[in-house]
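Good morning, and thank you for coming.

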Amino acid sequence: MYWTTYFCLFVLVAFSVNAQNPDINTGTSYYALRFPDSGQASVTLPDSLSQALPASFSFEAWIMYPGTVAKGTPTTADGIYKTIVSRYAVRPDGTYHNMYADFNFQVQKTGNINFFMGSGLSPNFYGVIITPAFLPAGRWTHLAFSVHTPTGSANPNYATVYVDGVAFNSTWKTGNRQTRTDVPIHLGAYLNQDGDVKWWRGYMDEIRFWSAYRSTDEVKASMNVAISSKTQNLLAYYKCDSGAELKDETGNYDGQFVTGAGSVTYQLSGVKLGFNVQVGKQGKLNIELPGVGNKPFSYVISSVPDPTIGRLSFNGTIIFSDNVPFTLPGKTVTFEAAAVDQGNTTFYYYGTNADGREAGSTPVYVSIGGAACNPDSCGVCGGDNSTCSCLEVPYKGYDVVELERILLLYEIEQTMDLLHQVQIQLQQAQDALGSSSGANLDTDITTVQNFNSDCLDAFETDIDSFVDQLSDIPA
């Protein structure tokens, strides 16, 4: 059915925006960094990390920007540039400019996510610039970028930005990368050519640096799950849970908090990270369910594993599918593996108290006999995004028909957002034409021509289709 593809995307939005109890967060992501709304605070990572960062590298983090209220609605389009991570230097003559920045990952004043690497040239300031999508306010979003550099080359050949696992690519355009291993990497700060520091003003969690380019599959495989500090190619890992310094789980690159008029604090995270466990054939494993809250809460099993792979129990009582939601007296549940040599399954749990339940449920990925669990976007080991439902129906009082109507309206909204991104890219292409030399004029003309009527007609067709389906739903 049409909805299978979009159920998980909708649930991410619904769970993040319509949180029922923000004072509980189960899973392995406990706290997050909270940068002040006024700016004036950041984290400086050690020079040794900058020196260790190879030519091909990746960065990822979960971020949430509460937004500035405009016309009664929070928005990220608040006229303020907001930096997530950067590496830049002031030149010996005291000048600084985007063209001299090694990299900057930010949310622009228009609310658009943006990544660039300076070229050292004027007026073509950027060797790479990618503006993939608009960042919604008040929603946890996974952002990443990855830079690929051929062996022996000083310049990357391409870079990729990932927004919730969706890739946006660009090749290296012009000039030379402004690599600076003698300056630190900054979380939440960047000095722009207008002389103003661009501060981050929201939340940041699960920050990871990798010593390699990462593909879409690699990003998606680990973005929603806890990982080991010994994971291959993991260079630095900041869980952002506590400490006078920002602790690196690899033990190598602790960061320093920089306090100005404001300060960075730890607050309860909204990131939902599942975790993996392994059990032997016909084995039993007591699983202590992680979680944290500002008030005491109970752990509730919301779904059970595949009974052909194993089952859950508590003090000898089997938890069947018709027993859920099942409230545990404590926070430990037992998984009993079936007589299978290998297999994967998933179960879910959440936290609740008198103030209500938390917005989402935490997945626990169970593997039998060492079988690798590669969860799909619905959290099913080995799933293909069509074998599960991320949503329990009815959801918040909405039945299937009402949810279909909401999903269609959401798809129309997303298509309009994509049209907005096309407008931005057209403007960038037109700007490039205005500053093109004879050497690259043909390339830039081709870029503009690629935005042809067929492309725009496709958007119109999509919207017409959504509207037709909307009219077919019973009132």
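Of the 475 residues in the chain, 48% are buried, where buried means under 20% relative accessible area, exposed over 50% and partly exposed in between, with a 1.4 Å probe and protein chains only. The model is predicted, so local features need pLDDT of at least 70 and side-chain atom pairs count only at pLDDT 80 or more, while totals for chains, interfaces and linings use all residues. Residues are numbered from 1 along each chain as its sequence is written, and side-chain values use heavy atoms, with hydrogens and water left out.

The secondary structure comprises 6 helices and 29 strands; these are DSSP runs, helices being H or I of at least four residues and strands E of at least two, numbered from the N terminus.

How are two aromatic rings described? By the distance of the centres and the angle of the planes. A search of the whole structure finds 19 aromatic pairs. Rings of Phe, Tyr and Trp (its six-membered ring) pair if their centres lie within 6.5 Å; planes under 30 degrees apart are stacked, over 60 edge-to-face, and the rest tilted. Phe 297 and Tyr 299 have ring centres 4.9 Å apart and planes at 50°, so this pair is tilted. Tyr 299 and Tyr 349 are also tilted, because their planes stand at 35°, with centres 6.1 Å apart. This second pair links distant parts of the chain, with Tyr 299 in strand β22 and Tyr 349 in strand β27, 50 residues apart. Both Tyr 299 and Tyr 349 are buried.
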